[in-house]
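Trainee: I want to learn how to read aromatic pairs. Where do we start?

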Amino acid sequence: MTATTMTKPSASPRRRPSRTTVLNVTAVIAGLGIWTALSRLGVQSLPGPVEVIGRGAELVTDGTLTGDILASLRRVFIGFALGTVLAIPIGFLMGWYATARALIEPYVQFFRTIPPLAIIPLAILLMGIGETPKVFVIFLAAFLSSVVSTFQGVLDVDRTLINAARVLGASDRTIFVKVVVPASTPFIIVGMRIGLGAAWGTLVAAELIAAQEGLGYRMQQAQLYYDLPTIFVGLISIGVLGLVMDRLLLLAERRLTGWQERR
């Protein structure tokens, strides 16, 4: 009788960071290195990372940065949410019904050629200098980006899928809910991401409208005193907040479009 040797189960290998993560970290480190080198060379009085971090810590300590972030987040979130909520049904309407497309699309394409920033003087005259014109300009930027993407998503749904559903006896409502909406979801998420970028891009100009707090307002005040570290704090804050919100949209896309083949 041969003795059986019991082998100890090997410990599960540690999960290695993905290639994308390594490249992301490498890019960030490289960027910080270039930034540090340029600041030490005295390029246009460019502040270095340490100086900017110190200024950011001061603004966090006295509560200024927190208040500005909350004010800007509130404006962007309200404008972006309203723009997206309105854009999605209008985009579906334009894509599904030819009559609605003919009536609405000319207005959408017309206003797309007008930068939201150009609406600011009119918004001030019609809405005053409170929060309404600030949110409206951000809303307009998000809406115009999202509505076109949603509309295009409905148009690009594979007609074979729709015809196959009709052959199987599906009603228009079933086809719309079970075929058109899932197939156009990736386009909607892309439109939301573009709209989110447009909303943050419009924020600084929107906060020109008699604002008393906000990242854009703080950067404009810093410009008057040539306070470059504060400007960099504002820029980095906007970039980080926008990046986090974009990653959340990507996470939602993966959950909503798990059926989609990815590269």
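Mentor: With a count. This model is predicted. A search of the whole structure finds six aromatic pairs.

Trainee: How is a pair of aromatic rings described?

Mentor: By two things: the distance of the centres and the angle of the planes. Take F92 and F176. Their ring centres are 5.2 Å apart, and their planes stand at 75 degrees. Planes over 60 degrees apart count as edge-to-face, so the F92 and F176 pair is edge-to-face.

Trainee: Which parts does the pair of F92 and F176 tie together?

Mentor: F92 lies in helix α3, residues 64-96. F176 lies in helix α8, residues 172-206. The pair therefore ties together parts that are 84 residues apart in sequence.

Trainee: Is F92 buried or exposed?

Mentor: F92 has 10% relative accessibility, so F92 counts as buried. F176 has 21%, so F176 counts as partly exposed. The cut-off for buried is under 20%.

Trainee: Which residues do ring pairs link into a cluster?

Mentor: F92, W96 and F176.

Key: Residues numbered from 1 in each chain as written. Predicted model: local features only at pLDDT ≥ 70, side-chain atom pairs only at ≥ 80, totals over all residues. Heavy atoms only, no water. Phe/Tyr/Trp six-rings, centres within 6.5 Å; stacked < 30°, edge-to-face > 60°. Helix = DSSP H or I, 4+ residues; strand = E, 2+ residues; numbered from the N terminus. Buried < 20%, exposed > 50% of the residue type's maximum accessible area, 1.4 Å probe, protein only.
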